[in-house]
Amino acid sequence: MYFYTSLFCITAELPQSQETLRSGDNKYNMINTIAHEYKHVLDFLRIRSLINYGFNYYKISQYSDKNRELRAIEYQRSHNSYNNTTTKYKKTIDRYESIQK
Ligand SMILES: [Zn+2]
């Protein structure tokens, strides 16, 4: 279930990702976008491993959609690629963050 939620999240973000990728021809923009999506995968793997260890899905502490986005944004900002992304890209991330709050 979480897997599908996660997939939906990534699909829903494609327009945003495309915007960020259009916003510059800097390869770090793309690397940083992938870092954002990677954090969603890490969150998904955490849930899956807890389920594999026998935890009840509905009793596992989970993040809301907005919190998952904020975690991914925090992660991508801490990624090495972020400092080399374009100014326009960083503004797009700031805008994306502001709509999550
Ligand atoms: Zn996201």
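What average pLDDT does the protein have, and what percentage of the residues score at least 70? The average is 84, and 75% of the residues reach that score. Here pLDDT is the predictor's confidence in each residue, from 0 to 100.

This is a predicted model: local features need pLDDT of at least 70, side-chain atom pairs count only at pLDDT 80 or more, and totals for chains, interfaces and linings use all residues. Residues are numbered from 1 along each chain as its sequence is written.

**Stop 1: the start.** Select residues 1-5. Their pLDDT stays under 50. Now extend to helix α1 (residues 2-22), where confidence is lowest, at a mean of 54. Helices are DSSP runs (H or I, at least four residues), numbered from the N terminus. Where pLDDT is low, the predicted coordinates should not be read in detail.

**Stop 2: helix α2.** Select residues 27-52. These 26 residues reach 37 Å from first C-alpha to last, close to the expected 38 Å. The expected span is 1.5 Å times one less than the number of residues. Colour Asn29, Asn32, Thr33, His36, His40, Asp43 and Ile47: they are buried (20 or more other C-beta atoms within 10 Å of a residue's own, with C-beta atoms placed from the backbone; exposed is 12 or fewer, partly exposed in between). Just past α2, click Gly54, which takes a positive phi of about 100°.

**Stop 3: helix α3.** Select residues 65-78. Confidence is highest here, at 96. Glu69, Ala72 and Gln76 are the buried residues of α3. Lys66, Asn67 and Ser78 are exposed, on the other side of α3. Show α2 again: what covers the buried residues of α3 includes α2.

How values were computed: Helix = DSSP H or I, 4+ residues; strand = E, 2+ residues; numbered from the N terminus. Contact = placed C-beta atoms within 7 Å.
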